[in-house]
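This report is written for a reader who is new to the structure. Please have the sequence and the 3D view at hand.

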Amino acid sequence: MTKKLITVIGATGAQGGGLARAILADKTGEFSVRAVTRKPDGDAARALAAAGAELVSADLDDVESVKRAFDGAYGAYCVTNYWEHMSPDKEIAQAKNLADASKASGVTHVIWSTLEDTRKRVPVSDERMPTLHGRFKVPHFDTKGESDAQFDPARTTYLATSFYWENLIYFGMNPKPDASGKLGFVLPMGDKKMPGIAAEDIGKCAYGLFKRGATAIGQHLGIAGEHLSGAQMAQALSQALEREVHHTDVPPAVFRSFGFPGADDLGNMFQYYAEFADEFCAARPLADSRALNPELLTFAAWLGKYKSKIPLS
């Protein structure tokens, strides 16, 4: 049987890597993987190749290279990484290159990893939170939401993701000790719940969408592993780490003032999460996410696998 080829952008990254591994693990499935990476000689790329992936090199800033990566593919997983460069204009341009290349190459089914354009609920003129880069409220959300219009709805599934629990490992959001040594977990959302997910499960959910085929095209779907408040996350962390972790709530304005790169963007994000918690969670129904990916991890299950990687200093 000739398998349908899926080109996976960012195949050595969090989302794309999860999808590539899910396809490769399904030995009797109908799909094969073309893994797109800028570092085909890297360890992660070599591991995918050893598992059976075809490796190709492409640059999202070069639309012709993306077209070549999509050539002959049935499906394409399209994702951008704002945090790599933190340039809204660059992310929008890269999304356009992905959209244009998928149309030019005749890809049948595209999954675009997206997020809400927060300006639909908090206009640029709204002073509840600062406007960033002159025209955005939450740049790494708004650029993706704005880019939705670039993709052809006759071939695209729009997949809205959630907060990565891996941010506790790699993004500096891990519990940190105070002067007395007690661990505090900062989530500036009061008692509001936030959708979160294991990065690997985004890829597995995307695989579920590719398996659904034409019925998924044109749909806007959101996914999450669990909806949790900061206090609930702190409780789960306490149990997993066998050390008390308390939830520290600060106003978004204080979070924005922390000064690390992107603090203003993330402060606005958490404010948006909190002010529109009901709508944001409702757009990411857990039952639908589990239907796509029966292996969907809860936060406690994720901690069971990865707690040893969380820095505690």
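The text below covers a helix, aromatic rings, charges over rings and a loop residue.

The model is predicted, and local features need pLDDT of at least 70, side-chain atom pairs count only at pLDDT 80 or more, and totals for chains, interfaces and linings use all residues. Residues are numbered from 1 along each chain as its sequence is written, and side-chain values use heavy atoms, with hydrogens and water left out.

**Helix H5**

Helices (H or I, at least four residues) and strands (E, at least two) are DSSP runs, numbered from the N terminus. Buried means under 20% relative accessible area, exposed over 50%, and partly exposed in between, with a 1.4 Å probe and protein chains only. Helix H5 spans residues 139-147, and eight of its nine residues are buried. Among them are Pro 139, His 140, Phe 141 and Asp 142.

**Aromatic rings**

Rings of Phe, Tyr and Trp (its six-membered ring) pair if their centres lie within 6.5 Å; planes under 30 degrees apart count as stacked, over 60 as edge-to-face and the rest as tilted. The whole structure holds 20 aromatic pairs. Two of these pairs are listed here.

| Pair | Centre to centre | Angle between planes | Type |
|---|---|---|---|
| Tyr 82 and Trp 83 | 5.2 Å | 90° | edge-to-face |
| Phe 255 and Phe 258 | 5.2 Å | 50° | tilted |

Tyr 82 is buried because its relative accessible area is 2%, while Trp 83, at 25%, is partly exposed. In the other pair, Phe 255 has a relative accessible area of 5% and is buried, while Phe 258 is partly exposed at 42%. Phe 255 and Phe 258 also belong to a cluster linked by ring pairs, whose members include Phe 141, Phe 270 and Phe 280. Phe 141 is also one of the buried residues of H5.

**Charges over rings**

A charge sits over a ring if NZ of Lys or CZ of Arg is within 6 Å of the ring centre and within 35 degrees of the ring normal. The charged end of Lys 4 is 4.6 Å from the centre of the Tyr 74 ring and sits over that ring. Arg 284 lies over the face of Phe 280, 3.7 Å from the ring centre.

**Thr 161**

Where is Thr 161 placed? Thr 161 is in the loop between strand E6 (156-160) and strand E7 (163-164). Thr 161 counts as buried because its relative accessibility is 4%. Contact means heavy atoms within 4.5 Å. Not counting residues up to four places away in sequence, Thr 161 touches Gln 15, Ser 113, Thr 114, Leu 115, Ile 202, Ile 223 and Arg 284.
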